[in-house]
Amino acid sequence: MTDEPSPFAPLLDLQRIDIALTQLHHRLDHLPERAALAEVEAQLVAHRAALAALEDDQRGVMADHKRAEDDLATLEAKIKSEERRLYGGTVKAAKELQAIEDELVSLRHRQSDFEDQILGLLDQLEPLDARAESLARDGAELEARHQAATVALAEVEAEVSAELAQVEAERAAFVAAASAEHVALYERLRRNVSGNAVALLSAGSCTGCHLALPSAEVARLKRLDPDEPAYCEECGALLVR
Ligand SMILES: [Zn+2]
């Protein structure tokens, strides 16, 4: 091995920059803040569905309540009219008066049933109203958490994106200063080699795949012109020697 730095050595730095870029892209794609926001969004969707179902229930009970109130009002009007007939003096026949009294007993019975029904519906509304209040509190809390999660994601995205832009600028400057031929060789290897495109040959071993090269191969590489590229037979990485 020569004491002169290998002409391919800068490619190790380029590879380090690319690994950093890959890690930053991976980080940006897998931000826990994005998962946290998605979680809150899912909770908001469930909350909206629960609220809509509750409002349906409330509307149903209120419609029943309205119908019972209307029926009661009709019945009460009927009772008043029967009472007017009973006490008005126009009906005189005892049999007819008895019939009106019997009718009034029946009507008052139905009035009492409607009143019970209305109270029962009000009882049904009470827990629904309490649930609506509880859902409103949950909703406010969820909205606040959604807002916070949105801000947290935007902040970390901006942070990682700035870091990415910085490393990308670093790479562009590096490539501009490097040998175009070597960069092209590196790019080709990056596409075709599954592991590292470039690896250091250290003490007879490839640092890409950690395998020791046969001593005859090490001896051959030592005699090779430093500008001549050589590759690890095992992993295909360009060896920096
Ligand atoms: Zn190797």
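This is a predicted model: local features need pLDDT of at least 70, side-chain atom pairs count only at pLDDT 80 or more; totals for chains, interfaces and linings use all residues.

Student: Which residue in β2 is the bridge partner of L201?

Tutor: The partner of L201 is C206. The connection between the strands can be read as well: β1 and β2 form a hairpin with two residues between them. In that turn, A203 has a positive phi of about 50°.

Student: In what sense do β1 and β3 pair?

Tutor: They pair in the parallel sense, over three bridges. Within this pairing, L200 stands opposite V240 of β3.

Student: In what order do the three strands lie in the sheet?

Tutor: The order is β2-β1-β3, in an open sheet with mixed pairing. The edge strands are β2 (205-206) and β3 (238-240), each of which pairs on one side only. As a general idea, side chains in a regular strand alternate between the two faces of the sheet.

Student: Let us turn to the helices. How should I describe two that pack together?

Tutor: Two packed helices are described by the angle between their axes and by the distance between those axes. Here, helix α1 (residues 9-29) packs with helix α3 (residues 94-177) at an angle of about 160°, and their axes are 10 Å apart. Because an angle over 145 degrees counts as roughly antiparallel, α1 is roughly antiparallel to α3. The crossing of α1 past α3 is left-handed.

Student: Which residues in α1 and α3 meet?

Tutor: On the α1 side they are D13, L14, I17, A20, L21, L24, R27 and L28. On the α3 side they are E157, V160, S161, E163, L164, V167, E168, E170, R171 and F174. By class, this contact of α1 with α3 comprises 10 nonpolar residues, one polar and seven charged.

Student: At what angle do α2 and α3 pack, and how far apart are their axes?

Tutor: Helix α2 (residues 32-87) packs with α3 at an angle of about 165°, with the axes 6 Å apart. The two helices are therefore roughly antiparallel to each other, and their crossing is left-handed. The contact of α2 with α3 has 29 nonpolar, 10 polar and 20 charged residues.

Student: Into which domains is the chain divided?

Tutor: The chain is divided into domain 1 (31-178) and domain 2 (182-240). The C-alpha centres of domain 1 and domain 2 lie 70 Å apart.

Note on methods: Residues are numbered from 1 along each chain as its sequence is written. Domain bounds come from an automatic or database domain assignment. Two strands pair if DSSP finds at least two bridges between them. Helices (H or I, at least four residues) and strands (E, at least two) are DSSP runs, numbered from the N terminus. Axes are lines fitted to C-alpha atoms, for helices over the stretch in contact, and angles run from 0 to 180 degrees between N-to-C directions. Angles under 35 degrees count as roughly parallel, over 145 as roughly antiparallel, 65 to 115 as roughly perpendicular and the rest as oblique. A crossing is left-handed if the near helix is turned anticlockwise from the far one by less than a right angle, and right-handed if clockwise. Two residues are in contact if their C-beta atoms, placed from the backbone, lie within 7 Å. Ala, Val, Leu, Ile, Met, Phe, Trp, Tyr, Cys and Pro count as nonpolar, Asp, Glu, Lys and Arg as charged, and the others, Gly among them, as polar.
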